[in-house]
Amino acid sequence: MGIFSKIKDNLSHGGVAVSLIAPASVSMSNPVLPVTVNLVNNDQPRTVKSITAEILANSRDTAVDMLRNDTRNRMAQDNYVVDQVMAQSLLNEPFQLNSGETKTVTLNITLNLTANQQADGALGKIAGVIGKVNSFGAVFNQNHLTYSVRVTADIEGIALDPSADQPLQLV
């Protein structure tokens, strides 16, 4: 295997594709989210070291930066994306995925929120953490908080691990 083949494997996730199936929402009264992960290997045999499933709070903010005004006194705008892990489930048992093989794994993510977080519309504390990300001179003027489920498979010998995302609603 030459150097270009190794680079190609690292950039193409080694021929392993990941997809997920999960409910579109999770309830605070039953905060367990079952996630089905499908792995398909279209290349040489690979070892899957672990699979991680996460519920993320995603903040997409626009910051108006007062320090970078140009000569016409306009303000510059930057977009920031911050992902905060709210809950996680990990399958830490390595297994072999042969060429042409499909493997399905189910993980359960339990969302443990305190009474204060539930009273704050489920994510008051997460929003507070995301608000601390701003830098000196930046004022956040558009804060949009969304949620998603992400699964990532840690494949031995591959630098860019394959992953899949799906939007999620907290109700």
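**Notebook: charged pairs and one buried asparagine**

The model is a predicted one.

Arginine 150 and aspartate 83 meet through their side chains in a salt bridge, 3.3 Å from N to O. Arginine 150 belongs to strand 8 and aspartate 83 to strand 5 (residues 76-91), so this pair ties together parts 67 residues apart in sequence. For arginine 150 I noted a relative accessible area of 22%, which is partly exposed.

Next I took the salt bridge between aspartate 154 and lysine 49, with N to O at 3.9 Å. This pair also links distant parts of the chain: aspartate 154 sits in strand 8 (residues 138-155) and lysine 49 in strand 4 (residues 46-65), 105 residues apart. I read aspartate 154 as partly exposed at 24%, and lysine 49 as partly exposed at 34%.

I looked up arginine 46 and found a salt bridge to aspartate 43, with the closest N and O atoms 3.7 Å apart. Arginine 46 counts as buried because its relative accessibility is 7%, under the 20% cut-off. Aspartate 43 is partly exposed at 28%. I noted a count of four salt bridges.

Last, I turned to asparagine 41, which lies in strand 3 (residues 32-41). Asparagine 41 is buried, with a relative accessible area of 0%. A polar atom of its side chain lies 2.9 Å from the backbone nitrogen of aspartate 43. The backbone oxygen of asparagine 98 lies 3.4 Å from a polar atom of the asparagine 41 side chain.

Note on methods
Residues numbered from 1 in each chain as written. Predicted model: local features only at pLDDT ≥ 70, side-chain atom pairs only at ≥ 80, totals over all residues. Heavy atoms only, no water. Helix = DSSP H or I, 4+ residues; strand = E, 2+ residues; numbered from the N terminus. Buried < 20%, exposed > 50% of the residue type's maximum accessible area, 1.4 Å probe, protein only. Polar contact = N/O pair within 3.5 Å; in protein donor to acceptor, adjacent residues only side chain to side chain.
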